[in-house]
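User: I'd like to go through the helices in this one. Can we take them one at a time?
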Amino acid sequence: MADAPLEDLVRQDWRSKAVNMFAVLSYSVGVGLALDMFGAGLTIGQSLRSRASMLTVNVIAGNKFVQYQDWMRRKCNVGAIKNDVGRRIATMATDTLASGSFYVPIYAATLYCVAGANAEQIKDGCYGALIMAPLVGPTFGMYSDLVRNVCGTTPRAKATEEEAP
C-alpha cells in the first residue's frame, strides 16, 4: 500500500474534501495572520488583506496539498516505522519536505505573476519560505490530522500504519 500511486489518493469523497479545505483555510488564516503581524510587521488591516488575497490560492491548491502530503507520507512509508518517536520524527520531516516542495514553487509564481517581484526578491522570498517550512509543514500536518480525526475522516496516510508488517 505504501507504493499506491498519487491518483489513488486524489479520489476523495466530498466530506474529506470539505474537511481538508476547512483545515487548510483555518490554518492559513490563523497562522498567516500571526506571521504577517509578528514576522513581517504588518498592521491588522494589512494582514487581513494579505490573508484575503491568499484565500483564492488556498482554495485552489489547499486540498491538493493535503493529498500531496498524505502521498509523501505513504511514499516515505512513515506509518511502517514501529518506534513511536521515530515515526513522529519521520512524519515531521516528510511534512517539512511536502510543504517546501509544494508551496515554494507556488509562492515563487505568485511573487512573479501577482506582485511583479524581480529575481532577487523571488529568491529572497523563497529562501524565507524554505526557512519557515520546518515550522509550518509539521504544525500543519499535526493540525490537519487532528481536524480529520475529530471530523471522522481518517487521513489516508494512516492506512499504512494499519497495514504495516
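User: Where is the kink in α3 centred?
Analyst: On Ala 61, with an angle of about 45°. Bear in mind that this is a predicted model.

User: How far apart are the end C-alpha atoms of α3?
Analyst: They are only 40 Å apart. A straight helix of 32 residues would reach 46 Å at 1.5 Å a residue, and α3 falls short of that.

User: What about just after α3, which residue takes a positive phi?
Analyst: Asn 77, at about 55°.

User: Switching to packing. At what angle do α3 and α5 cross?
Analyst: Roughly 100°, with the axes coming within 12 Å. Angles of 65 to 115 degrees count as roughly perpendicular, so α3 and α5 are roughly perpendicular to each other.

User: Which residues make the contact?
Analyst: From α3, Phe 65, Val 66, Gln 69, Asp 70 and Arg 73. The α5 side has Gly 137, Phe 140, Gly 141, Ser 144, Asp 145 and Arg 148.

User: How many of those are nonpolar, polar and charged?
Analyst: The contact of α3 with α5 has three nonpolar, four polar and four charged residues.

User: Now α4. What span should its 30 residues have?
Analyst: At 1.5 Å a residue, α4 (residues 84–113) should span 44 Å, and its end C-alpha atoms are 43 Å apart, which agrees.

User: Where does α4 bend?
Analyst: At Tyr 103, by about 30°. Pro 105 follows within four residues.

User: And what caps the N-terminal end of α4?
Analyst: Asn 83 does, with a side-chain oxygen 2.8 Å from the backbone nitrogen of Val 85.

Definitions and conventions:
Residues are numbered from 1 along each chain as its sequence is written. This is a predicted model: local features need pLDDT of at least 70, side-chain atom pairs count only at pLDDT 80 or more; totals for chains, interfaces and linings use all residues. Side-chain values use heavy atoms; hydrogens and water are left out. Helices (H or I, at least four residues) and strands (E, at least two) are DSSP runs, numbered from the N terminus. The expected span of a helix is 1.5 Å times one less than its number of residues. The bend at a residue is the angle between axes fitted to the seven residues ending there and the seven starting there. A polar contact is a pair of N or O atoms within 3.5 Å; within protein, one must be able to donate a hydrogen and the other to accept it, and residues adjacent in sequence count only if both atoms are side-chain atoms. Axes are lines fitted to C-alpha atoms, for helices over the stretch in contact, and angles run from 0 to 180 degrees between N-to-C directions. Angles under 35 degrees count as roughly parallel, over 145 as roughly antiparallel, 65 to 115 as roughly perpendicular and the rest as oblique. Contact means heavy atoms within 4.5 Å. Ala, Val, Leu, Ile, Met, Phe, Trp, Tyr, Cys and Pro count as nonpolar, Asp, Glu, Lys and Arg as charged, and the others, Gly among them, as polar.
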